[in-house]
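Biologist: I'd like to learn how to read a few features in a structure file. Could you walk me through them, one at a time?

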Amino acid sequence: FTEGQKSRMRALFDTGGARQSLLNSNGCGEGTTPTCDDGIQNGDEEGVDCGGSCPNPCPGCEDNEVTITINLDNYPEETSWTVTDSNGGTVASGGTYGSQPDGSTVVEVLCLVDGCYDFNIFDSYGDGICCAYGNGSYTVTDAGGNTLASGGNFGSSESTNFCFGGTSPVFGCTDPNAHNYDPNATDDDGSCQTCTDGTQNGDETGIDCGGSCPDACPTCDDGIQNGDETGVDCGGSCPDTCGGGGCSYVTIDDNNFDSGWGIWNDGGSDCRRSRRDAAYANSGQYCIRLRDNTSSSVMTTDNLNLASYDEITIDFTFIASSMENGEDFWLQASTNGGASYSTLISWASGSEFVNGQRYFPSVVITGTFTSNTRFRFRCDASNNSDFVYIDDVVISGCLNGNRESGESIFAEVIETESSESARIIESTENISDVKMFPNPTSGLMNVTFDIEETSEVQLIVTNITGQVIHSRDLQINAGEYKTEIDASGFGQGIFFLNIATKDGVITQKFVVVR
């Protein structure tokens with residue numbers, strides 16, 4: 001659920017205590033009797049579904065009795081937990097609790113042999129069980145009432161270690177294949193540095209390669225430039241030559257027009273940069289408005305020295321108003337300083353876009369560029385009341401130097417949808433329906449996707465050169481997963497979110513603006 005959806009649902013269920021009046025002190029409907037097979041200690045039960053009015057006596061615990069008490073928040077269907085031993089094996093689990101009333105209490109009693117354990121609690125939405133949507137909490141106590149773990153205000157998960165039998169855990173890396181394996185460690189603290197963690201560490205000479213890592217180029221399909229690759233999954237030991245000898249992408253220009261025109265130029269009376277168009281800006285208060293079909297219906301770059309580039313990508317966002325069916329606008333290029341232009345791509349109303357909807361095209365332009373290359377957007381509408389508003393234009397390029405000379409420039413739109421479209425490097429059937437919003441972003445970006453089965457997932461953010469700037473290892477339960485990426489420290493430019501499982505990688509592009 002989004003924050004807005006949660007608020008609406010909370011309002012629907014908040015009926016001034018009328019709902020709570022239907023519950024007796026045992027949490028059961030008025031006039032009903034708690035059952036002896038509902039997995040909850042309620043009524044006069046002395047344990048979970050045993051003792052009191054229940055026919056089954058509660059068995060005694062000859063080892064270590066542990067009581068788990070969870071006061072659920074307003075979304076019990078998001079809460080689950082496990083108890084794992086020192087080897088990572090699950091010895092007990094519970095949830096989710098979608099069948100339980102909001103704000104109700106769940107009690108579980110376990111009997112554990114001597115050893116060390118982790119109590120792990122999860123919230124599938126990622127906002128814990130306290131305090132935005134109910135005052136949920138949890139406690140784990142031993143037979144003497146001593147608290148072994150407690151909390152409630154966490155994100156997606158929280159883990160607490162406890163031991164019985166006088167055993168004190170020794171935290172460290174327990175993976176014998178890791179660079180920093182600690183043979184004395186009894187409990188893994190998540191510090192293991194391996195050849196598959198997406199980070200250059202230990203004695204690695206690159207990301208997950210070199211040094212103790214056996215393969216100089218770990219994979220050619222992981223969505224990361226590593227090993228001796230000269231581009232992302234290409235060049236070096238990989239069979240693909242990256243379009244002719246390797247490719248390194250750099251940002252040439254990035255403008256949201258809040259600080260001025262930058263490398264772009266005002267075409268005249270049918271082109272403007274005005275605060276009055278703030279409602280159509282994607283970020284900030286300014287965008288560029290084009291209208292009509294005159295020679296002044298253009299916005300044009302300065303001469304750009306692109307002679308060393310094999311490929312140019314232009315990312316931008318636009319929204320149109322009052323454009324009639326068939327009216328369009330174009331992206332054009334000139335290799336002779338503006339003496340003549342060729343149309344690379346056109347977007348027509350009614351086929352490529354509809355009025356009032358925002359789009360985020362990404363145009364890949366290949367060919368031979370010159371030292372006085374220009375690009376321009378040109379409107380081709382019928383009158384001054386037909387508008388297209390352009391914002392957040394990012395020009396990036398692939399430096400290569402091994403192209404064939406004389407190749408003509410041509411372009412291809414690789415994304416015409418909004419932020420929900422994904423660029424698939426290697427599909428994985430376990431992950432689907434990936435969404436990122438807002439995109440472009442200047443700070444927190446929401447990420448949601450569906451996962452078919454519980455899996456280990458790695459989220460890796462790379463820049464356009466393939467450098468890893470953020471990574472996160474997760475254990476995700478089947479269903480819809482929601483999280484946030486904080487892009488406030490990434491800098492301005494183009495980035496890729498790689499969602500990796502053992503079955504493959506899905507990569508999606510996003511733009512950070514300032």
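Biologist: Let's start with C54: is this residue buried or exposed?

Modeller: The cut-off for buried is under 20% relative accessible area. C54 comes in at 7%, so it counts as buried. Keep in mind that this is a predicted model.

Biologist: And which cysteine is C54 bonded to?

Modeller: A disulfide is a covalent bond between the sulfur atoms of two cysteines. Here C36 and C54 form one, with their sulfur atoms 2.1 Å apart. Both cysteines sit in the loop between α1 (3–13) and β1 (64–71), 18 residues apart. C36 is partly exposed, at 27% relative accessible area, whereas C54 is buried.

Biologist: What is the handedness of the link of C36 and C54?

Modeller: You read that from the torsion about the S-S bond. For C36 and C54 the torsion is -95 degrees, and the link is left-handed.

Biologist: How many disulfides does a search of the whole structure find?

Modeller: Five. One of them joins C116 and C163, with a sulfur-to-sulfur distance of 2.1 Å. Its torsion is about 105 degrees, so this disulfide is right-handed. C116 lies in strand β5 and C163 in strand β8 (residues 157–164), so the pair ties together parts that are 47 residues apart in sequence.

Biologist: Which cysteine does a disulfide join to C173?

Modeller: That would be C192, S to S 2.1 Å. The link is right-handed, with 110 degrees about the S-S bond. C173 is in the loop between β9 (171–172) and β10 (187–188), while C192 is in the loop between β10 and β11 (248–255), 19 residues away. C173 counts as buried, at 2% relative accessibility.

Biologist: Now backbone angles. Where is there a cis peptide bond?

Modeller: Check omega. The bond from G95 to T96 is cis, with omega near -5 degrees, and T96 lies in the loop between β3 (90–95) and β4 (105–112). The bond from C130 to C131 is cis too, with omega near 20 degrees; C131 is found in the loop between β5 (115–123) and β6 (137–142).

Biologist: Which residue has a positive phi although it is not a glycine?

Modeller: D292 is one, with phi of about 60 degrees. D292 sits in the loop between β14 and β15 (298–301) and is buried, at 11% relative accessible area. D392 also has a positive phi, about 50 degrees, and is not a glycine either. D392 lies in strand β21 (residues 387–399) and is buried at 3%.

Note on methods: Residues numbered from 1 in each chain as written. Predicted model: local features only at pLDDT ≥ 70, side-chain atom pairs only at ≥ 80, totals over all residues. Heavy atoms only, no water. Helix = DSSP H or I, 4+ residues; strand = E, 2+ residues; numbered from the N terminus. Buried < 20%, exposed > 50% of the residue type's maximum accessible area, 1.4 Å probe, protein only. Disulfide = S-S within 2.5 Å.
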